[in-house]
Amino acid sequence: MDTSNILYAWARNAPPTRLPKGVGFKVGGEKGSKYFVLQVHYGDVSAFKDKHKDCSGVTLHLTNQRQPMIAGMYLMMSVYTVIPPGEKVVNADIACHYKMYPMHVFAYRVHTHHLGKVVSGYRVRDGQWTLIGRQSPQLPQAFYPVENPVEIKYGDILAARCVFTGEGRTSETYIGATSSDEMCNFYIMYYMEAKHAASYMTCTQNINPEMFRSIPQEANIPIPVKPDMTMMAHGHHEEARRGDMSVMQQPKREEEEILDQGDFYSLISKLLGEREDVVHVHKYNPTEKAESDLVAEIANVVQKKDLGWPDAREVPNNDERANTILVRDRIHKFHRLESTLRPPENKHLAWQPPKHGEGNWEKEHSGDLNIEEVVDWPGINLKLGQVSGLALDPNGNLVIFHRGDHVWDANSFDKSYVYQQKGLGPIKESTILVLDPSNSAVLHSTGRNLFYLPHGLSTDKNGNYWVTDVALHQVFKLAPQGMESPLLTLGRALQPGSDNNHFCQPTDVSVDPLTGNIYVSDGYCNSRIVQFSPSGVFVMQWGAETSEGQAKPGQFHIPHSLTLVSDFGQLCVADRENGRIQCFKPETGEFIREIKHPAFGREVFAISYAPGGLLFAVNGKPYPGDTEPLQAFVMNFSTGEIIDTFIPLRKKFEMPHDVVASENRTVYIGDAHTNTVWKFASPEKAEAVIEARLTNKPVSKELLKKEEKHHVVQQASTGVSFVLITTLLIIPIVVLLAIAVFIRWRKARVCGADAEHKLDSSSGRILGRFRGKGGGGLNLGNFFASRAGYSRKGFDRLSTEGSDQEKDEDDASDSEDDSVPPPPAIPPSS
């Protein structure tokens, strides 16, 4: 089924709109929009009586270049409002919860028909109303810039109010698409990070009518509109009906530089559209005021304030010139504004592509894999203690290891790492929970009265649970069902040490599915990886404390998390305080590689490998002065490059302590500060993004020669096919080009012949960087016709007022600071 959505709309001689640099609407692609459809609704058709032609249109700028930000439209629309005849004030209220990734608002537009007095839009967060935009719908219906940056995030409420009057009407007025009906629309133009972008969203509800009792009073005060602005908004034909002389027929005075209404607003749009820093101020400094003085000054020009415009009462009735042109002093004022367009070089905030290897997802993106929170997963509401470990059992169920009512704090250990809170006893509740991954129902629980401070968790191929306890300084193997007592115990209870029989706050454990060997990361006070046989006999160890200066391969500063990379035959370690990932041969402890990105910041807390070539990781909270955000990463293990980064929508990361990922790219992250587990997934099951999937199987020379020979033959065959296909394609392309040139020539003749008689129609210009997919929608004519009490009579006639019949849906350069303070002497515990 074909669907549609609004890309852009303008009315009442509104100016063109330009998007900020680095922002574009997303269309096309295999699953995206296939057509552009332009609808023009005329406010007056008298100009067509002499068979004049109209060449109105919109210019779209297309590019295949990927944009870091994708623009979209959020339409808030009232559907059921009824305006009684003679009623002085009627309010139409709209409100919806926002449940998407953050969007940054940079422009807004209002729309009603003749009864609308003022339309206002707000973000409501924690009871506080923040203005997005407020404007009279009787002014030119352009997309006006927001005066202050507004970020909308998950959990906010978007609210809008249209104020109408029923005075002058003799019957009830309904929401509809004809000139005798009314509309209440508040458009929000926004941008989002490309990987999370939604191109179109709608809101047609009022989720909480009571909240509008606290709406700011400004929303109820009509905005006065001067007669000349109303005249220009409705077009020059109103002058002709009054018998006044058109200003375009008056002689141009030599001492004046005349700027008509369209050019006037085009200049405003130019001033705002070329400010390349606006979008980046929104993204990187959400609390900073983005050039508010300039925006306010332009707003004053729009309202004709402080510019010496004659008062309407002082202008003779036959002198419309002062109300419809901008003379030289007004233009000079805009020239002064234009001189402030480009900031000094050292303050330029325009987006710059990162250098290769800096870990920015946009630069290193090697596929279309995006990871997002599953917002309807109820597991986020589980009542847990500090979540220290996560794993998946052989059935794909989620296993959680948490600390119940015990907390690791500054009083937990002495200087010798001896646990100081033994008097509390072991945790009485179940510390291991097995959850259904789809609905988070608890399937099984164990681990009562066994642990003091749980930490690491993994499972083996038989479903046994392997855990570490930093207070006990031990590692345990537990059966998946029934038995509460451990099957195997490594280390000495409550005795820290560094020999073959002791651990010192061991952090994680992993079991090789092929050999059954056990690997333990040890730990907070030891800097080593210890290998044991399947029966628990010490085999070997490797690792050393980090020396002063740059950390060397095989040195650790808290080896915090382990993951076995079976596809590549490697054991990888999250070297937490060194902010890197180190990988080794598990049989020998030989160093193989390091994965490190500036985006990691100073800490890498946990890692998890998903079969198929993806490595997931979470970093630590930045220190004061650091700029790297707290987030999760998806990496191509083969290349080490970052494919995507992601954060939750509900709640926030505070100390993401462990991560586990499945082969189908479902990811779980547990936080030890918020006591929360999140579920993430790829919204679209993209094809594999791994450049090469390696195995540790040897390849014979004979096989390599055969593959090389086959490759050469295949190349030759491909070359012949390519030439043949290219030849066949050239012929129809040449024919199509000839037809297109002929059609364009004919159109130019038709439009050019009537150029001196055509309407003074407005047009819009969008600087669109396009790619991707479109959204769904419905035709408002059919939508309103389906409502009780609405008649379609006259719907298909040309409107005689400024009505636009929109389509809508029924549903709704990061900088790195090298001069950062040194890390504290004692790393944070968790």
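# Salt bridges, a sheet and a surface patch

User: The side chains of Arg 125 and Asp 156 meet in a salt bridge. What makes the pair of Arg 125 and Asp 156 a salt bridge?

Analyst: This is a predicted model, and in it the N to O distance between the side chains of Arg 125 and Asp 156 is 2.7 Å. The cut-off is a side-chain nitrogen of Lys or Arg within 4 Å of a carboxyl oxygen of Asp or Glu. The pair of Arg 125 and Asp 156 therefore counts as a salt bridge. Arg 125 is in strand E7, while Asp 156 is in the loop between strand E9 and strand E10, 31 residues apart.

User: Why is Asp 156 called buried, and why is Arg 125 called partly exposed?

Analyst: Buried means under 20% relative accessible area, and exposed means over 50%. Asp 156 has 2% relative accessibility, so Asp 156 is buried. Arg 125 has 21%, which falls in between, so Arg 125 is partly exposed.

User: What parts of the chain does the salt bridge of Glu 373 and Arg 650 tie together?

Analyst: The side chains of Glu 373 and Arg 650 meet at 2.7 Å, N to O.

User: What makes strands E19 and E22 the edges of their sheet?

Analyst: The open sheet has four strands in the order E19-E20-E21-E22, with antiparallel pairing. E19 and E22 each have a single partner strand, so one side of each is left without a neighbour in the sheet. E22 pairs with E21 over three bridges, and Phe 476 stands opposite Thr 489 in E22.

User: Why is Ile 731 called exposed?

Analyst: Exposed means over 50% relative accessible area. Ile 731 has 56%, so Ile 731 is exposed. Ile 731 is found in helix H9. With Val 735, Leu 736, Ile 739, Phe 742 and Ile 743, Ile 731 makes a nonpolar surface patch of about 610 Å².

How values were computed
Residues numbered from 1 in each chain as written. Predicted model: local features only at pLDDT ≥ 70, side-chain atom pairs only at ≥ 80, totals over all residues. Heavy atoms only, no water. Pairing = 2+ DSSP bridges. Helix = DSSP H or I, 4+ residues; strand = E, 2+ residues; numbered from the N terminus. Patch = residues over 30% accessible without salt bridge, like charges linked within 9 Å, V, L, I, M, F, W, Y side chains within 5 Å. Areas by Shrake-Rupley, 256 points an atom, 1.4 Å probe, with all protein chains shown as cover. Buried < 20%, exposed > 50% of the residue type's maximum accessible area, 1.4 Å probe, protein only.
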